[in-house]
Amino acid sequence: MRNKNTVVALLLIFVGICFYNLYWTYVQFSLDSKLEKAKEAYEAVMLKAQSEPLTAEDSVAIKAYEALLADEDFKETYNKAIENSFTLGLDLQGGMFVTLEIGVEDVVRQLAGNPTDSTFNQAINCALERQETRQSSFVPLFVECLKEIDPNASLGAIFSNQERGISVSTPDEEVIRILNEEADAAIDRTFNIIRTRIDQFGVVSPTIQKQESTGRILLELPGVKEPERVRKILRSTAKLEFWETHSAQEAFPVLVEINEKLKSIMGILPDSVAADTNAVEEELPATEVAADTSAVDTAGADTSASLSELLEETGEEASTEDQEAAAEKFRRENPLFAVLQIPAFDNQQAQVSPVVGYALAKDTAKVNEYLRMEEVKVLIPDDMRFLWTFKPYSEEADVYQLIAIKSNLENKPAMGGDVVSVARQDFDERGRPVVTMNMNAEGTRKWAQITEANVGRHIAIVLDNAVYSFPVVIGKIPNGNTQISGGFTVKEAQDLANVLRAGQLPVPARIEGEDVVGPTLGAANIRSGYISFVLALVVTLIFMALYYAKAGIVADLALLANAVFIAGCAAAFTIVLTLPGIAAIVLTVGMAVDANVLIFERIREEMAKGKTLKASIKAGFSNAFSSVMDANITTFLTGVVLYAFGVGPIRGFAVVLMIGIITSLIAALIITRLILDYYASKGKDSINFGFSFTTTLFDKIKISMVDRRKTFYMVSGTLVLASLISIATIGFKTGVDFQGGRQFVVEFTQDEQPAPLADADVEAARTKLTEDFQGNAPIIKTLSSNNQLLITTSYLVENREATDSVQHIMLEGLHEIFPDLQVTVLSSTDVGPTVASDIKNAAFESVLGSMLIIFLYILIRFRRWQYSLGAIVAIFHDVIITLGIFSALGSFDIGVNLEIDQTLIAALLTIIGYSINDTVVVFDRIRENFNEMKASALEDVFNISIDQTISRTIITSFTTFLSALILFIFGGDVIKGFFFAILIGVVVGTYSSIFVASPIALDLLKRQKKEQKKQAA
């Protein structure tokens, strides 16, 4: 080895860096554990504080957590540890992956001079539709749509604004530049505010990144146990407003008029009950009208009693049937009051309270629909708005309050939330959680004026168009301090204070996709990943020692060093290690054997020629170097494509795969070489490269590929044709990330023990959920653990805020079917249509991109397009057959996820990398033999080259297949589908490298040679 001392010095430095970062990884996990325990104790105490007094021990827990957060030494050590260590991903410790879509269309609307213009809104809707199928930012799509609708449209006229330097004469290009700048600025501000909110939320080691091409924000939040809290924090624009209110007495006549208008619109004629009600309205003041009309309660209990009173006034005896009939008649003849219960206030209450009605959660949408009707809008005064409370007034009945807000033509509040300088969670005098706010100088002055003018009246504190509280003003507040109360839990109050401190989002953010993994599943994934890694490593080590004897033990040392190098590099690059990342390590271990096998086989060949051990080792490394580099570079390029087009766990797999390829080269070409050189210096018999039965195991194998190639063409053609027929007729089952929808992994237990489900149970669950999802039949599969179901549904997929509702409906349905079982959601995935479209496009581009890169690389390395075409045909062959098997088996429940999704695309790219790895090794030997056998026929060169590499091909395929099989069996349901595809790919890829790629290259080269002879003649 040349420059041996320098190489050894660099290797020691590299080893030192790896161990340094592994030390800090250990420190980080230790500190994480300490922080998590302190946080759990703190949260338990804060929960206890809502119902009982705190003890001295509780105070110690609070002080310990606060002291830990304030400890500068702890912060410094922790930050340094994070900078020099890898962390566990969501699937290993539980957590949440979120794709946020920033509403750039709202920025465009804010900039427009007339946002209600029909052409403008038509272009907005068109751009939103196109954004679902195209990976492009919003502004270019908007301009494209606008010009199609109105080719003469002037952007300068639409967005004229002197402050921004836009006038009617401003060129469209300049306006587009300004719109893009404003959109980018809004995304940047949103990104910074979201990052601040997440930091204050207390997530350990969050990852937040922007997708520059789409304007989306990707968040990885490890350890999150309450995804619904995260959703609220991310969705909230934190638009805080302080509004004056109308009294119920001022608003009731408007509601009565709206009800009458709705009756006329619906063609409802008054009858006896309605007539009685109208008569009462003429005699009583507005407050008492409210008392009587409130007699109808949509829940049913109060309805009967109050209608009985109406019937008693007419002298009739009220039977139960009469009461029910009267209630039904009232609902039918009073559209608004059928879904909005009017409060039974006395005169004094009606003159002060802004509460104008109560409605069940399911009825609030109908009330909103009524209030948005054009015929109804004209009845509502310009200074009046109606807003719902953010939490149910009665959680038992899920009832919300409707509040009358005092508005204005500009729709501006009495005071905005930008005046709040400090917000923190606190407790009121009765020990209830509240949010305490302090205002800046301007806010203090305004707040004093507002409170002084509204003594004895209510002020509504509104956040994101929901009323959080509406306290009565007792007197002027001169110091700018106030509280928001609303029946919060401690965590809700903390979250509200968090978003208020972070600031208001410039535009709304929508959750377009999410993955949630519970801590239980994360722990199971760690266990399965650890078991599969250890098993695959042990089996590979044993095999190498049995096949290559003492040299195999040297290879084992290199493999162990490689595992340490991968972990050290992962820590150095602060990689988030996921279950696919562990899978990549195990797969890399299997593939890392390839370099040692190539080297050892070449050393064996040199020793068979009678060379000395030292000369054989030198020649073996030299001759194998080209094949080792080519094989690993092509696989590395596949990893680059995976990283470029993948997201989340797929990127994690790609990064670890690329690191593993580099470290395996270091281990094989440096560590193995140093150890072998040491043995070579000790003499000929100091090391052997196999036992007698292994050194001659493949000597008598003669493939005779050239003579049999037409037979294999027929075999491959039949398999490809059958696969294409299956794909065309049966098709695929597409996963959630390709078609959009929601997917849940649900576990059933009884007394903390697994509760297996029978086929009849699964069918009952499917029938019930189809009914609950309003006819939208879910796809339900039993996972390898018979007590777990994978439930996929597209129900309410267009509603990006319905995840909690869909999960709630699902759990209620399952509880109804299985009342004696505990039902737990282990993980959930939610993908919106826009993200699904982008994922499909990225998958298509990644497969084509990898093929193009490989074609160009082989063309450059071998300088003949025939090799490139042979390799690409072999890749198509492998991919089509793998997809055909997935298509054919997709209709059967075999306990494996056979859907076409991101995981399968990652598997296909891995198969491509593996297949080309095999093919390149064969091509390398063919190229080498061309130079040494110039007088031989093409057929002989190909045959001999394939026979010479068959031992390497079989051994490498066997070790890789074995690693993949172990992962398939022990790796868990999450990656079972991935490694099922890998198992198919290893078999098909090994076959195609010998019987597809090489024969096609041979026939193309023969044809070229024949044409050259014709031209020469």
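Two strands are taken to pair if DSSP finds at least two bridges between them, and the views below come from a predicted model.

**View 1. Strand β5 beside strand β9 in the predicted model.** Strand β5, which spans residues 240-244, is joined to β9 by 2 bridges, so the two strands meet the criterion of at least two bridges for pairing. They run antiparallel, and Glu 241 stands opposite Gly 416 in β9.

**View 2. The open sheet that contains β5 and β9.** The sheet is built from 4 strands in the order β9-β5-β12-β13, with antiparallel pairing. Its edges are formed by β9 (415-416) and β13 (466-469), each of which pairs on one side only. In general, the strands of a sheet pair through backbone hydrogen bonds, in either a parallel or an antiparallel manner.

**View 3. The largest nonpolar core and the surroundings of Ile 599.** This core has 135 residues, and those with the most contacts inside it are Ile 599, Phe 600, Leu 676 and Phe 689. Helix α34 (residues 976-1016) supplies the largest share of the core, with 19 residues. Apart from this core lies another, of 48 residues, which includes Phe 159, Phe 191, Leu 219 and Val 516. When neighbours within four places in sequence are left aside, Ile 599 is in contact with Phe 621, Ala 624, Val 628, Ala 668 and Leu 669.

**View 4. Helix α33 and its kink.** Helix α33 comprises 33 residues (938-970) and reaches 46 Å from its first C-alpha to its last, which is close to the 48 Å expected at 1.5 Å a residue. A kink of about 45° in α33 is centred on Thr 949.

Note on methods
Residues are numbered from 1 along each chain as its sequence is written. This is a predicted model: local features need pLDDT of at least 70, side-chain atom pairs count only at pLDDT 80 or more; totals for chains, interfaces and linings use all residues. Side-chain values use heavy atoms; hydrogens and water are left out. A nonpolar core is a set of buried Ala, Val, Leu, Ile, Met, Phe, Trp, Tyr and Cys residues joined through side-chain atoms within 4.5 Å. Buried means under 20% relative accessible area, exposed over 50%, partly exposed in between (1.4 Å probe, protein chains only). Contact means heavy atoms within 4.5 Å. The expected span of a helix is 1.5 Å times one less than its number of residues. The bend at a residue is the angle between axes fitted to the seven residues ending there and the seven starting there.
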